[in-house]
Amino acid sequence: MKYIVGVVRIFVGILFVISGFIKLNDPVGFSFKLEEYFSQGVLDLPFLTSYALAISILVVVVEVMVGVMLILGYKRKITIWTLLAMIVFFTFLTFYSAYFNKVTDCGCFGDAIKLTPWESFTKDVVLLILILILYAGRKYITPLVKPQIVKAALMVSLLACIGYVYYVLNHLPVIDFRPYEIGKNIGEGMSFPENAPKAIFEYKWKFNVNGNEEIHITNGDYPAVDGEFVEVETSEIQAGYEPPVHDFTIEQEGEDFASSLLQEPKLVMVIAYDLRKADLDVFHEVRSVTDKALKKGYKVIGMSASGPDQTTMLKKENGLGFDFYFTDETTLKTIVRSNPGVLVLEKGTIKQKVHYNDLENLKFD
């Protein structure tokens, strides 16, 4: 039992540290996922939405620290009970999401590793079993090093977490796991490779044949049945290929200009997914850098999910020399974790991407 607990302890501890660090790298992204959980259609806790970012930071810091505490063997009773509380909560959450098909990605590993709802639930069940093993053999969890070294390591870990999250909140994630990282081409991200698997659907056709109900199952073809059609139920039995970039449009007055704009040799995108939540005071700096870009021959566009009344007012109040286009809010949130944020592209390839705190770092050739 002692050796089993030792192996499980290290495995669970490292897993919690890795999972926590991935989310710590992108706390804004994790807060978007929490907002999804808090929404009316899921847990119906809308009053928590405004605290989503604070909750996300607290959860990921605790996740990392609990993992470190488990590895070091510090305060085993508190550590084990915290682990149990977290995993029971997350197991319930992932089961709820999977069973009711509410949230298609739990966000457990951020954008680094995508898990289906049932994969997330299975992962949490396995973790729950492992943590119960740790609980049963908690007496074997002892400090790896001297208490002074353990406390010093914990303090360094906590300060590192706080410093890291402060940096990524005021700039951008250090590691970008999304399909819009610098160097990626958006057009290529939307393409389908040859022989890409297609979705397979199952159709359950219900007919009334001579007063009896009959069900015929096909993969799409209308069945040759001599009877009265009643209804059909459709279910996806095999998911098809989904390109990393999807739901990407750049619309104006109902027309999508994405394909033409992604061919621009010099393009600057000013992205503000929701102007009601944006830091509007920085738009005078945005005007300064975009005016410079325009003089250098760049085409500049704004992209927002806000309505034309808001974008027109923003343009007028700040003297912006570019027009705004409509893009889906979720897509804009995925592109850049800054509201507003700025991208520089060359024929669809992202060359620069900055937080509004780093506008001075933009370079226009």
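This is a predicted model: local features need pLDDT of at least 70, side-chain atom pairs count only at pLDDT 80 or more; totals for chains, interfaces and linings use all residues.
## Basis

Local features need pLDDT of at least 70 and side-chain atom pairs count only at pLDDT 80 or more, while totals for chains, interfaces and linings use all residues. Residues are numbered from 1 along each chain as its sequence is written, and side-chain values use heavy atoms, without hydrogens or water.

Helices (H or I, at least four residues) and strands (E, at least two) are DSSP runs, numbered from the N terminus.

## Helices α1 and α3

Helix α1 spans residues 2-24 and helix α3 residues 52-72. Their axes come within 8 Å and cross at roughly 155 degrees. Axes here are lines fitted to C-alpha atoms, for helices over the stretch in contact, with angles from 0 to 180 degrees between N-to-C directions. The two helices are therefore roughly antiparallel (over 145 degrees; under 35 is roughly parallel, 65 to 115 roughly perpendicular, the rest oblique). The crossing of α1 past α3 is left-handed: the near helix is turned anticlockwise from the far one by less than a right angle.

Contact means heavy atoms within 4.5 Å. On the α1 side, the contact residues include R9, I10, F16, V17 and F21. On the α3 side, they include V60, E63, V64, V68 and I71. The contact of α1 with α3 holds 14 nonpolar, four polar and three charged residues. Nonpolar covers Ala, Val, Leu, Ile, Met, Phe, Trp, Tyr, Cys and Pro; charged covers Asp, Glu, Lys and Arg; the others, Gly among them, are polar.

## Helix α4

Helix α4 (residues 76-100) has 25 residues. From first C-alpha to last it reaches 36 Å, close to the 36 Å expected at 1.5 Å a residue. That expected span is 1.5 Å times one less than the number of residues.

Several α4 residues are buried, including I80, L83, L84, M86, I87 and Y96 (under 20% relative accessible area; exposed is over 50%, partly exposed in between; 1.4 Å probe, protein chains only). Their cover includes α1, α2 (27-38), α3 and α5 (117-136). Just after α4, N101 takes a positive phi of about 55 degrees.

## Loop backbone

D44 lies in the loop between α2 and α3. Its phi is positive, about 55 degrees, although D44 is not a glycine. D44 is partly exposed, at 43% relative accessible area.

D247 sits in the loop between β3 (228-238) and β4 (251-252). Phi of D247 is positive, near 60 degrees. D247 is exposed, at 56% relative accessible area.

N339 and P340 are joined by a cis peptide bond, with omega about 10 degrees. P340 lies in the loop between α11 (329-335) and β9 (341-346).
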